[in-house]
Amino acid sequence: MEPPIYGMGRPKSTYAFYFVKIRSFEDPQLREKFMDAQNKFEKEIQARSKIIEAVRAKKMERSTIISELKPLTAQNKRYNEVVAEKLKEMELPQNRLGMFLKNDDMQAQRAGFCSSVEELEQTIKMSNDRIAHKSISLREEKCLANEIKNLEKNISKVIYNSTIRAKLQDTVDGNEIRQDQVRIIDGTRKEQQAVRSKIKGLEDELRVVDTEIASIQEDLDAATARKDKAYESLVELRTVHDAKNASLIENCCVLDKARDYASRRLVAELGALHEAEVDKFMAQWCNSKAFREDYEKRTISSLIVRQLDRDGRMRIPDY
């Protein structure tokens with residue numbers, strides 16, 4: 001301490017407190033097991049990372065196939081719509097003809113006249129022949145005469161229906177528009193067949209990729225289980241290590257508190273902490289052989305480095 005300078009007041013007092021230091025203890029066998037577990041855990045992480053990269057690559061391949069498949073599927077749908085529309089256009093005249101024929105027959109049955117000019121003329125001729133050549137009563141002859149008049153009145157309507165029927169039949173049987181529609185349908189189906197072939201190829205590739213992803217996913221699940229098991233072993237060894245060094249952790253907390261008191265110049269609190277820790281150490285030292293042996297194991301390496309004996313005295317060199 002420097003000599004006091006007169007006129008400047010008395011120097012501040014200096015206090016020294018010595019705390020027991022608990023050193024770490026490393027069990028060589030435990031350390032070897034811990035290093036083996038650490039290496040195994042790192043290897044399992046690396047193996048799992050490679051499998052994850054393989055899964056990611058396959059999923060990228062799957063996304064590429066799906067991106068190629070989507071426009072082809074939409075195109076195939078448009079082809080279906082075109083074919084359905086053209087078939088509907090072709091079926092429309094056929095439906096009209098069927099409805100016309102059905103209505104024409106129903107009207108003919110209700111009105112009692114024929115559905116064609118030939119049939120009407122044949123019916124009139126047969127009625128006239130019955131009147132001319134058959135011996136019938138006057139009443140029947142009048143009835144036949146009235147039927148012939150009614151049939152002759154409907155000639156114009158029968159001719160009109162026959163004309164409409166012929167036109168619709170021509171529309172159904174074939175014309176340039178219908179042939180164009182058939183050509184469009186055939187061309188569309190050929191193009192659609194090429195698209196469907198591409199779709200089938202891509203769907204086959206997609207199924208193969210999905211199978212590979214499922215297989216790799218199983219490998220990933222197994223690798224994850226191995227990694228988790230290795231981590232559990234590592235945690236168990238770390239727990240054993242921490243349990244063996246619990247006194248070290250507690251001592252570090254005490255020393256940190258002492259440094260905090262010293263930095264804030266809390267002499268009374270620091271003294272009380274020092275006294276409590278010394279009393280605690282001496283009580284454990286005197287009452288527990290296991291504590292003494294554990295403390296000696298922790299300090300032996302430090303004593304050897306400083307060339308001290310087990311009791312802390314300077315080692316006498318051997319000459």
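Trainee: Where does the model come from, and what is the mean pLDDT?

Mentor: It's a predicted model. The mean pLDDT of the protein is 76, and 61% of its residues reach 70 or more.

Trainee: Which elements have the lowest and the highest mean pLDDT?

Mentor: Helix 4, residues 155-173, has the lowest at 59. The highest belongs to helix 7, residues 267-287, with 89.

Trainee: OK, on to the build. How many helices and strands are there?

Mentor: There are 8 helices and 0 strands. Reading along the sequence, you get α-α-α-α-α-α-α-α.

Trainee: How much of the protein is buried?

Mentor: Of its 319 residues, 22% count as buried. The accessible surface comes to about 23800 Å², and carbon and sulfur atoms make up 54% of that.

Trainee: Now the helix pair. At what angle do helix 6 and helix 7 pack?

Mentor: About 155 degrees, with the axes 9 Å apart. Angles over 145 degrees count as roughly antiparallel, so helix 6 is roughly antiparallel to helix 7. Helix 6 covers residues 246-263.

Trainee: Is their crossing left-handed or right-handed?

Mentor: The crossing of helix 6 and helix 7 is left-handed.

Trainee: Which residues meet there?

Mentor: From helix 6 you have Glu 250, Val 254, Lys 257, Ala 258, Tyr 261 and Ala 262. They meet Glu 269, Leu 270, Leu 273, Glu 277 and Lys 280 in helix 7.

Trainee: Switching topic: where is Glu 44 found?

Mentor: In helix 1, which runs over residues 28-111.

Trainee: Is Glu 44 buried or exposed?

Mentor: Its relative accessible area is 14%. Buried means under 20%, so Glu 44 counts as buried.

Trainee: What does Glu 44 touch?

Mentor: Not counting residues up to four places away in sequence, Glu 44 touches Ala 223, Arg 226, Lys 227 and Ala 230.

Notes:
Residues numbered from 1 in each chain as written. Predicted model: local features only at pLDDT ≥ 70, side-chain atom pairs only at ≥ 80, totals over all residues. Heavy atoms only, no water. pLDDT = per-residue confidence, 0-100. Helix = DSSP H or I, 4+ residues; strand = E, 2+ residues; numbered from the N terminus. Buried < 20%, exposed > 50% of the residue type's maximum accessible area, 1.4 Å probe, protein only. Areas by Shrake-Rupley, 256 points an atom, 1.4 Å probe, with all protein chains shown as cover. Axes fitted to C-alpha atoms, helices over the stretch in contact; angles between N-to-C directions. Parallel < 35°, antiparallel > 145°, perpendicular 65-115°, else oblique. Left-handed = near helix turned anticlockwise from the far one by under 90°. Contact = heavy atoms within 4.5 Å.
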